[in-house]
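Have a go at each one before reading its solution.

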Amino acid sequence: MNDTARQRSLGVCYYPEHWPESQWAEDAARMAGLGLTWVRIGEFAWSRMEPEPGRYDWDWLDRAIATLGARGLKVVLGTPTASPPRWMVDRHPDMFAVDAAGKVRGFGSRRHYDFSHRGYRVECAKIVTAMAERYGKNPHVAAWQTDNEYACNETTLSYSEAAKAAFQDWLAQKYQSPDALNRAWGNVFWSMEYRDFREIGLPNLTVCEPNPSHVMDFRRFASDEVQSFNKLQVDIIRKHSAAPVAHNFMGAITEFDHWEVGADLDIASWDSYPLGFLSDRIPADAEHKRRFVRQGDPDFQAFHHDLYRAVGKGRWWIMEQQPGPVNWAPFNPDPLPGMARLWAWEAFAHGAEAVCYFRWRQAPFAQEQMHAGLLRPDSAPAQAFGEAMQVAQELAAMPVAGTARANVALIFDYASDWAWEIQPQGRGFSYFWLVFHIYKGLRRLGLNVDILPPDVADLSGYKLVLAPGLFSLSAPLKAALAAHKGTSVLGPRTNTRTPDFAIPVPLPPALPGLDAVIARVESLPPDVPVPLTEGGALVHWREKLEGGATVVESAEDGWPALVAAGKLHYLGGWPDDTALTRILQRACAAEGIETDPLPEGLRRRDTDTHRFLFNYNPVPAEWGGVSIPPAGVHWTVREPGV
């Protein structure tokens, strides 16, 4: 994953329709003076682009793009399909998504559409076609964004009539006959057998839990709907424009398969809100949240940088970077001075081509009044304005984006997250947080990590491969693991279901050459860890392993915890930090991978040319004879080959 070198640059999100046209030229001049390159516009402006059905008003957008372009700024033009206008819902009153409780999610904010509504897709194709025809050759439109934040506000899964009809058609295409579906789902259980695809409903409002196979197929269907909705727009844009197409993904969102959507894009981008994520999404203890309340978790942003770098096949951006307090989290602190700079440089160290701050000016009206920008509502500079200017000046000395190839690979699979959400077996078990836990362990050792998809077919460039919690191993990954010459660590819960969501026989993990089976499974309350003989413990999840495989680690009760056949390892539980560090250090030592255990809150990242240190702490950090201030960034030039 050694990325092709591209220019690093900064950008901002701007909403010309929110401000008097007399202000646009001054805004553009200040953006250029700040050192910005990119300006994203348009993604929520459908009502201004098409005020009435079929009547387009492009004049204002023409002038906005020309005003920005006159200052040398490049425009990212967003399709406005995340916020259809009021006349649209009057025209298609059944286009709303329906939640799992059967309640319609109506007009009055954004993302008020159902991916499965075919009439709405026709309307989307019309507006995207009109935009692409008008701006596809515009010299100032240098990139496109499709829609905005798929899955935001829990809008991927819909239980509408449109979704039901589309799901039934999807099932008919997949299974061809109700009998085949009944066998795959095990519908003989509880007399759930179907005679016709039109009998099949959506997996909500059942008396108790629905069939997990039914839910899993519904999740696959819903993901496919996102992918086809996005591809519809991408295909239209590419007919009229050679500019790259991106979508802005989000953090800790797994409702659809980003690998599949990313396959149709030129650039993967994501929206980074470190303080909001720490407050709202990360299941950390109170002490951790207090320590990093104004900085964000030291690993959460980096995980997504590496994930979207892979989703984008090496090309990735941050389309929205938090510059100050946000408005949507349970608590919204002000970032520690320096963090707007640190977050940008950490992204660049992971290979980002562009970091775009959200937003240019804080809005004085509507839902996001409390969301900070680079400017205050009165146009005075906010704190991050100066930090963005500093980054722009620093980029002049280090303009090229790229990152060093990692020795370590971590497999990430969206379908596995759906599977273990459907059947967690224990409160608190989450595939996403299991993978993130492993990633954090690698980062604490100072390692670069490449994140790979579940169908990766070649692992030859990696000395260490980790695959925690994979629902079912794909054929390409099985072959790649069999050919892998380095160390691999799989588990827990890896390869423990068939793609149809059944327990396979022979019993899992059923790995070639590994004489081990999972005899029993237990999920563990937070206050019931299983101690390991070498220290640390298994938490959340524990598998009791039988067989003749070499035992590498054992629990104090005598059951194997980590077993191996040569360099192939299977981990039968969720290790705590102590156990994980030991397991990872042992694996790295076996492959000659240098580890550099770092102090809390200090993180390292290598590019081909530089070594970066990032201090997420609210106090100075000492390392390698260097003192790094709070929210500080330190870099040194790497010697070739080091």
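## Cavity exercises

The largest cavity is lined by Ile438, Leu466, Ala467, Pro468, Val489, Gly491, Leu571, Pro575, Leu580, Ile583 and Leu584. Strand 13 (464–467) and helix 18 (577–590) are the elements that give two or more residues to this lining. A cavity is a set of points on a 1 Å grid over the protein atoms alone where a 1.4 Å probe fits but cannot get out, and lining residues have an atom within 4 Å of a point. Helices (H or I, at least four residues) and strands (E, at least two) are DSSP runs, numbered from the N terminus.

Ground rules: the model is predicted, with local features needing pLDDT of at least 70 and side-chain atom pairs pLDDT 80 or more, while totals for chains, interfaces and linings use all residues. Residues are numbered from 1 along each chain as its sequence is written, and side-chain values use heavy atoms, leaving out hydrogens and water.

**Exercise 1.** Work out which element gives the largest share of the lining of the largest cavity, and the classes of its residues.

*Solution.* Step one: helix 18 takes the largest share, with 3 residues. Step two: sort the lining by class, and you get 10 nonpolar, 1 polar and no charged residues. (Ala, Val, Leu, Ile, Met, Phe, Trp, Tyr, Cys and Pro count as nonpolar, Asp, Glu, Lys and Arg as charged, and the others, Gly among them, as polar.)

**Exercise 2.** Do likewise for the second largest cavity.

*Solution.* Start with the lining, which includes Asp114, Phe115, Phe221, Ala222 and Glu225. Helix 8 (residues 212–240) gives the most, 3 residues. The classes come out as 4 nonpolar, 4 polar and 2 charged.

Key
On a 1 Å grid over the protein atoms alone, a cavity is a set of points where a 1.4 Å probe fits but cannot get out, and a pocket is an open set with protein on both sides within 12 Å along at least five of seven lines; lining residues have an atom within 4 Å of a point.
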